[in-house]
Amino acid sequence: MTKPPRTPSKPLLHENEAPVRSRPRRRRDPAQPQLPFDPMPARIEPCLALLKAKPPKGDDWVYEIKWDGYRLAVHVEPAGVRILTRGGHDWTHRFPLIEAAARAIPVTTAILDGEAVVLDERGRSDFGLLQQSLGGRAGKKRSSDAVFMAFDLLYFDGHDLTRSELGVRRHLLEGLVPAGAQRDIRLSEEVEADGDALLRIACEHGLEGIIAKNRNSAYRSGRLGDWLKIKCIQSDSFFVVGYELSVAARGRIGALMLAARKGDDLVYVGSVGTGFKESEAWKLRGMMDQIKRKTPPIAYSGRRNDLVWLQPTLIAEIEYRAWTGDGKLRHASYKGLREAQDNAAVFEIE
């Protein structure tokens with residue numbers, strides 16, 4: 001395939017809870033040198049964005065808005081559509097409208113990379129709304145509000161595109177998902193702008209941040225620096241290791257105690273007492289009451305009155321403004337619990 005001109009711009013046959021694992025790429029059979037198609041992979045490990053404080057400089061970088069939702073891969077296959085989470089779990093049944101939209105794409109086989117989001121009244125992605133539409137963590141609801149923002153094309157009608165440059169992949173993606181279409185699968189459009197200016201505008205509009213991508217890069221799995229994320233407001237995942245009891249608060253949760261990873265240990269990074277809705281708080285309290293423990297799973301020297309310690313199995317998405325000098329979150333706000341199948345990475349302290 002030649003590089004296009006630059007322009008602006010089924011269920012799995014095993015247990016539902018078992019993640020799909022990608023297999024090592026096989027070499028072509030020498031006895032079949034003219035085999036015209038690449039075999040369609042069962043799964044491709046996603047390319048992840050590396051966090052940076054400032055946008056990169058240079059013409060090699062293109063930009064998109066950063067979406068706040070669940071990373072998904074939509075597989076269009078001869079036998080039907082599969083929607084896989086970042087951890088390889090089949091969530092096709094949870095996004096029926098996205099599945100229907102994928103069936104309508106004019107292609108025989110394809111793998112689209114993107115993010116499932118729920119948009120608020122101003123068109124901004126809202127992780128809390130997405131969680132509500134799915135019934136919360138471990139919920140069983142089928143979301144009728146989520147849309148899929150497609151930002152990459154990894155496989156197309158028998159051809160593996162992961163070795164192709166981003167510009168080639170985007171050119172083909174835009175042929176399948178036209179820009180501006182208000183459907184259940186939409187194009188995450190590239191923005192031709194200076195990175196610093198785009199970040200400033202994104203922050204002024206209350207967006208989470210921007211993504212920078214190297215236009216000449218192939219699709220490489222992992223967090224290797226081909227894609228960068230620059231945030232307006234910090235948002236990361238932390239373990240919930242306990243909570244403060246409160247008679248007055250919703251769900252009787254005064255605050256959640258949070259921890260990050262540091263090597264093989266968990267480190268206390270402060271608490272969060274805002275962002276809870278009443279229905280969510282009581283549901284969260286019910287989940288926490290099932291994982292109580294007598295001793296703290298972290299080193300903790302603060303006051304211990306009215307504290308309930310938990311097994312570190314729940315992962316919460318927390319929005320915050322900065323870190324304090326002693327390594328605690330500043331102005332933290334609770335956004336929701338991460339699903340285990342999402343394979344969310346807990347924040348690591350270097």
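Tutor: What follows goes through a helix, a disulfide, the nonpolar cores, some aromatic rings and a few loop residues.

Student: What should I know before we start?

Tutor: This is a predicted model, in which local features need pLDDT of at least 70 and side-chain atom pairs count only at pLDDT 80 or more, while totals for chains, interfaces and linings use all residues. Residues are numbered from 1 along each chain as its sequence is written, and side-chain values use heavy atoms, with hydrogens and water left out.

Student: OK, helix H4 then. Which of its residues are buried?

Tutor: In H4, which spans residues 195-204, the buried ones are Gly195, Leu198, Leu199 and Ala202. Buried means under 20% relative accessible area, exposed means over 50%, and partly exposed is in between, with a 1.4 Å probe and protein chains only. Helices (H or I, at least four residues) and strands (E, at least two) are DSSP runs, numbered from the N terminus.

Student: Switching topic: how many disulfides does the structure hold?

Tutor: It holds one disulfide, formed by Cys203 and Cys232 with their sulfur atoms 2.1 Å apart; the cut-off for such a pair of cysteine sulfur atoms is within 2.5 Å.

Student: Which parts does the pair tie together?

Tutor: Cys203 lies in helix H4 and Cys232 in the loop between E10 and strand E11 (234-245), so the pair ties together parts that are 29 residues apart in sequence. The torsion about the S-S bond of Cys203 and Cys232 is about -95 degrees, so this disulfide is left-handed.

Student: How accessible are Cys203 and Cys232?

Tutor: Cys203 is partly exposed at 34% relative accessibility, and Cys232 is also partly exposed, at 23%. Another cysteine, Cys47, is buried, with a relative accessible area of 2%.

Student: What about the largest nonpolar core, which residues touch the most other members?

Tutor: That core has 33 residues, and Val74, Phe95, Ile98, Leu112, Phe148, Leu153 and Ile185 touch the most other members. Elements that each supply at least two residues of this core include strand E3 (70-77), helix H1 (96-103) and helix H3 (166-176). A nonpolar core is a set of buried Ala, Val, Leu, Ile, Met, Phe, Trp, Tyr and Cys residues joined through side-chain atoms within 4.5 Å.

Student: Which residues does Leu153 touch?

Tutor: Leaving out residues up to four places away in sequence, Leu153 touches Ala110, Ile111, Leu112, Leu161, Arg169, Leu172, Leu173 and Leu176. There is also a second, separate core of 24 residues, with Ala260, Val269, Val272 and Ile291 among them.

Student: How many aromatic pairs are there?

Tutor: A search of the whole structure finds 13 aromatic pairs. Rings of Phe, Tyr and Trp (its six-membered ring) pair if their centres lie within 6.5 Å, and planes under 30 degrees apart count as stacked, over 60 as edge-to-face and the rest as tilted. The rings of Tyr219 and Trp227 have centres 5.8 Å apart and planes at 85 degrees, so the pair is edge-to-face, and both Tyr219 and Trp227 are buried. Trp323 and Phe347 form a tilted pair, 5.2 Å centre to centre with 35 degrees between the planes.

Student: Last one: where is His331, and what is its phi?

Tutor: His331 lies in the loop between strand E17 (329-330) and strand E18 (333-337), and its phi is near 55 degrees, a positive value in a residue other than glycine. His331 is exposed, with a relative accessible area of 60%. Asp157, in the loop between strand E6 (147-156) and strand E7 (159-160), also has a positive phi, near 45 degrees, and counts as partly exposed at 29% relative accessibility.

How values were computed. Contact means heavy atoms within 4.5 Å.
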